[in-house]
Amino acid sequence: MFDSPDWVFSMFAFLGFLCCMVPLPWHLEAWNTGTCLYMIWTGLSCLIQFINSIVWRTNVINWAPVWCDITTKFMVGASVAIPACSLCINRRLYHIASVSSVTKTRAQKRRDIMTDLAIGIGIPVLEMILQYTVQGHRFNIFEEIGCYPATFNTPPAYVLVFAWPMVIGCFSAYYCVRTIIELAQRRAQFMEFLAMNKNLSSSRYFRLMGLAGIEMLCTIPLGAYVLYLNATSEPVYPYISWENVHSDFSRVEQFASVQWRTSGPTVLAIELSRWLLVICAFVFFAFFGFADEARKNYRLAYVSVAKRVGLSTAGTISSWSTGSKSEMAYNSHSGTMPVFVSQRTEQKRDSLTSFTTDLSIGEFNIAFNDTKEIPYSPTETAVGSISKDSLPCTPVDGQAMPIPDVPALARPYPALDVNSVPRLVADAPESLRNSVDIV
């Protein structure tokens with residue numbers, strides 16, 4: 001890994017940046033402060049290392065002093081920020097596992113967020129300030145590496161700078177062990193809390209726990225190993241005074257690769273400091289880059305980009321049209337026939353052999369003429385359809401057939417225009433009586 005070409009690290013550093021930044025939007029929706037801070041610190045650190053590896057690939061020229069001033073301080077904070085974010089995650093998981101109530105007030109949620117921000121941002125900023133106490137000069141430039149912090153190797157530096165990741169890892173280990181104990185004792189209440197929390201599922205909880213657990217297991221041994229490398233890669237100088245440490249502070253020390261690669265401990269310390277950031281990014285993506293919400297957002301992003309560039313999304317949206325197709329198939333197999341009503345209507349004259357000349361249907365004609373036309377609507381096909389039961393039956397010869405009452409005939413199906421139904425007119429003249437006589 002350490003002997004690989006420069007472009008290999010540049011590629012992985014940029015991929016690490018993408019692995020942290022792509023899932024960030026939907027994690028912000030869950031208001032998991034520790035996870036979001038972890039992604040921001042790790043992603044920006046990978047981006048800085050990517051830019052440095054490109055700019056200073058084959059030179060040690062001080063191209064951008066202000067950039068180096070900012071990024072070296074950021075890297076000092078990031079070395080503490082990533083373990084601090086892991087502490088935020090472990091702390092939150094412990095409070096979820098040991099919760100005494102399934103609901104939280106707005107003030108409690110706000111207090112939790114402020115505490116996470118104090119740990120995930122406040123501690124790294126404090127580390128940046130304390131590092132200035134043992135900062136021997138402005139910064140260093142290593143060929144193939146880029147800008148690098150300059151910390152005077154003196155005993156106070158171990159207390160103020162080098163030991164912080166390991167101390168924070170110990171606090172994370174405490175919360176991680178307590179979380180496991182609480183889960184074993186209060187599993188039923190824990191599941192009830194997850195059921196009430198729409199932003200946290202059991203899958204996401206255990207993925208967070210796995211990420212924080214790996215960070216905790218790696219932070220303590222790696223922190224101890226970094227302390228060992230700093231103590232053995234170069235001599236430890238006594239701390240004399242503030243003026244002695246900061247004498248000629250504005251100088252920038254530059255090291256060619258043929259120079260700094262001759263020392264094995266130095267190579268190991270420098271390469272570990274940048275490759276561990278990339279590993280943290282890929283570990284995070286392994287836990288959250290293939291989750292259900294991630295795959296859903298990948299599909300939405302693909303459809304959005306495909307529409308902009310004109311690619312086909314038929315395979316992606318085919319499931320969306322399944323419901324409409326099934327509805328059409330259902331209507332086509334129904335036992336009714338759709339009604340198409342024309343605006344022009346004709347009145348036909350039919351003869352009914354079963355009625356005598358005393359039959360009078362004047363009132364029926366009035367009822368039919370007073371009925372309003374109902375426009376045809378394609379969505380009411382099933383309601384306004386003609387079925388066999390709705391057609392009039394032909395009476396048997398010689399038998400009298402009762403005529404249904406007027407409201408039943410004047411109130412057809414909603415989509416059927418009654419003016420299109422043939423009127424039944426007797427051969428005899430219309431009777432003057434108001435009642436219907438059947439002989």
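Modeller: It is a predicted model, so local features need pLDDT of at least 70 and side-chain atom pairs count only at pLDDT 80 or more, while totals for chains, interfaces and linings use all residues. Residues are numbered from 1 along each chain as its sequence is written, and side-chain values use heavy atoms, with hydrogens and water left out.

Biologist: Start with C19. Buried or exposed?

Modeller: C19 counts as buried, because its relative accessibility is 10%. Buried means under 20% relative accessible area, exposed over 50%, and partly exposed in between, with a 1.4 Å probe and protein chains only.

Biologist: How many disulfides does the count come to?

Modeller: One disulfide, taking a pair of cysteine sulfur atoms within 2.5 Å as the rule.

Biologist: Which cysteines form a disulfide?

Modeller: C68 and C147, with 1.8 Å between their sulfur atoms. The bond joins distant parts of the chain, since C68 sits in helix α4 and C147 in strand β2, 79 residues apart. Helices (H or I, at least four residues) and strands (E, at least two) are DSSP runs, numbered from the N terminus.

Biologist: And C68, buried or exposed?

Modeller: C68 is buried, at a relative accessible area of 0%. C147 also counts as buried, at 5% relative accessibility.

Biologist: New topic. How many aromatic pairs are there?

Modeller: The structure holds 17. One of them is F152 with Y237, a stacked pair at 5.6 Å centre to centre and 10° between the planes. F152 is in the loop between β2 (146–148) and α6 (155–162) and Y237 in the loop between α9 (202–233) and α10 (242–245), so the pair ties together parts 85 residues apart in sequence. Rings of Phe, Tyr and Trp (its six-membered ring) pair if their centres lie within 6.5 Å; planes under 30 degrees apart count as stacked, over 60 as edge-to-face and the rest as tilted.

Biologist: What is the relative accessibility of F152?

Modeller: F152 has 21%, so it counts as partly exposed. Y237 counts as partly exposed too, at 40%.

Biologist: Which residues do ring pairs link into a cluster?

Modeller: F9, F12, W275 and F282. R274 lies over the face of F9, 3.9 Å from the ring centre. A charge sits over a ring if NZ of Lys or CZ of Arg is within 6 Å of the ring centre and within 35 degrees of the ring normal.

Biologist: Where is P238 found?

Modeller: P238 is in the loop between α9 and α10, and it is exposed, with a relative accessible area of 56%. P238 and F152 are 86 residues apart in sequence, yet their C-alpha atoms are 9.8 Å apart in space.

Biologist: Now cavities. How many cavities of 30 Å³ or more does the search find?

Modeller: Two, over the whole structure. A cavity is a set of points on a 1 Å grid over the protein atoms alone where a 1.4 Å probe fits but cannot get out, and lining residues have an atom within 4 Å of a point. Points are joined across faces, edges and corners, and a volume is the space filled by probe spheres set on them.

Biologist: What volume has the second largest cavity?

Modeller: About 30 Å³. The lining of this second largest cavity is T72, K73, V76, Q131, Q135, R138, P149 and A150. Helix α4 (residues 65–97) gives the most to the lining, with three residues.

Biologist: What does the lining have by class?

Modeller: Three nonpolar, three polar and two charged residues. Ala, Val, Leu, Ile, Met, Phe, Trp, Tyr, Cys and Pro count as nonpolar, Asp, Glu, Lys and Arg as charged, and the others, Gly among them, as polar.

Biologist: Last one, backbone. What is phi of E144?

Modeller: Near 75°, a positive value in a residue other than glycine. E144 lies in the loop between β1 (139–142) and β2 and is buried, with a relative accessible area of 15%. D248 also has a positive phi, of about 55°, and is not a glycine. D248 is in the loop between α10 and β3 (252–255), and it counts as exposed at 52% relative accessibility.

Terms used
On a 1 Å grid over the protein atoms alone, a cavity is a set of points where a 1.4 Å probe fits but cannot get out, and a pocket is an open set with protein on both sides within 12 Å along at least five of seven lines; lining residues have an atom within 4 Å of a point.
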